[in-house]
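Open your viewer and get ready to select residues by number. Each stop below tells you what to pick and what is there.

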Amino acid sequence: MDFSNKLIHGRLIKRYKRFLADVKLDSGEIITAHCTNSGSMKSCLENDAEVYLSPVDDPNRKTKFTWEMIKINGDWVGINTGNPNKLAFEAVKNGEIEKLKGYTEVQREVTFGDSRFDIMAKNKNETCFIEVKNVTLKEGGYALFPDAVTSRGKKHLETLIKVKEKGMRAVMLYIIQRMDVTIFAPAKEIDPEYSNALKNAWEKGVEIIPVQAKVSPEKIELIKELPFEL
């Protein structure tokens with residue numbers, strides 16, 4: 001996924017009210033950017049860290065920038081929660097994820113039961129529902145999800161089990177927007193209910209695919225699948 005516009009460089013002053021961040025641009029101007037990440041952003045927040053923002057050309061929006069990434073421990077961490085969905089859609093459509101190759105029809109935002117899934121992919125043999133999650137939380141070498149309690153995430157897992165029970169393929173696709181981790185796991189201490197639900201879903205046939213992404217100011221690209229531990 002290439003960034004369509006050149007990103008703007010600055011340094012983080014603070015993130016507040018979940019959806020806002022004050023940033024000092026290289027010009028010295030202080031602006032307020034929109035933060036799409038509603039979680040705690042634990043392990044990817046550091047005052048005065050380098051950040052990149054994308055400019056927004058929308059007269060109806062109060063904030064004229066969207067916060068895309070932050071530099072932590074010398075490397076970029078992608079914090080825009082909208083990007084993994086775009087990445088995943090492109091990757092499935094283009095057959096770039098080994099376990100999700102071979103689909104001839106790929107759609108975004110498709111409803112099943114009382115849930116809406118990020119991607120539905122089809123070929124003549126099967127239908128596959130895919131839920132995409134953005135992962136930024138790091139603890140040691142582990143990438144963890146979620147970074148805050150998510151009842152919505154738990155509901156998605158429960159609905160994916162129903163997808164599987166209907167004879168279709170059900171996939172949890174975790175896009176890990178940082179390169180300083182080697183394994184994925186649920187964040188048991190933060191949301192034990194989600195952790196239990198993920199293990200239950202796995203035991204009932206829901207697939208877990210964690211994929212690591214390399215984030216840079218020019219683009220975000222999927223690098224490799226990581227192992228996971230439940």
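**Before you start**

This is a predicted model: local features need pLDDT of at least 70, side-chain atom pairs count only at pLDDT 80 or more, and totals for chains, interfaces and linings use all residues. Residues are numbered from 1 along each chain as its sequence is written, and side-chain values use heavy atoms, with hydrogens and water left out.

**Stop 1: D2**

Select D2. It lies in the segment before β1 (8-16). Helices (H or I, at least four residues) and strands (E, at least two) are DSSP runs, numbered from the N terminus. D2 counts as exposed because its relative accessibility is 60%. Here exposed means over 50% relative accessible area, buried under 20%, and partly exposed in between (1.4 Å probe, protein chains only). Now show E218 and K219. Leaving aside neighbours within four places in sequence, D2 is in contact with both; contact means heavy atoms within 4.5 Å. D2 and V206 are 204 residues apart in sequence and 31 Å apart in space, C-alpha to C-alpha.

**Stop 2: helix α3**

Select residues 192-203, the twelve residues of α3. At 1.5 Å a residue they should span 16 Å, and the end C-alpha atoms are 17 Å apart, which agrees. The expected span is 1.5 Å times one less than the number of residues.

Which residues of α3 are buried? Colour Y194, S195, A197, L198 and A201. Just after α3, pick G205, which takes a positive phi of about 105°.

**Stop 3: the nonpolar cores**

A nonpolar core is a set of buried Ala, Val, Leu, Ile, Met, Phe, Trp, Tyr and Cys residues joined through side-chain atoms within 4.5 Å. The largest has 28 residues. Select V92, L100, I119, I130 and L173, which have the most contacts inside it. The elements giving two or more residues to this core are α1 (83-94), β8 (115-122), β9 (127-135), β12 and β14. Of these, α1 gives the most, with five residues.

Zoom in on I119. Leaving aside neighbours within four places in sequence, its contacts include A88, F89, V92 and C128. C128 is buried, with a relative accessible area of 0%.

**Stop 4: the rings**

Search the whole structure and seven aromatic pairs turn up. Rings of Phe, Tyr and Trp (its six-membered ring) pair if their centres lie within 6.5 Å; planes under 30 degrees apart count as stacked, over 60 as edge-to-face and the rest as tilted. Select F145 and Y174. Their pair is tilted: 5.7 Å centre to centre, with 55° between the planes. F145 lies in strand β11 and Y174 in strand β12, so the pair ties together parts 29 residues apart in sequence. Ring pairs link F145, Y174, F184 and Y194 into a cluster.

**Stop 5: C35**

Select C35 and C44. For C35, the nearest cysteine sulfur is that of C44, 8.6 Å away. C35 counts as buried, at 0% relative accessibility.

Definitions and conventions
A disulfide is a pair of cysteine sulfur atoms within 2.5 Å.
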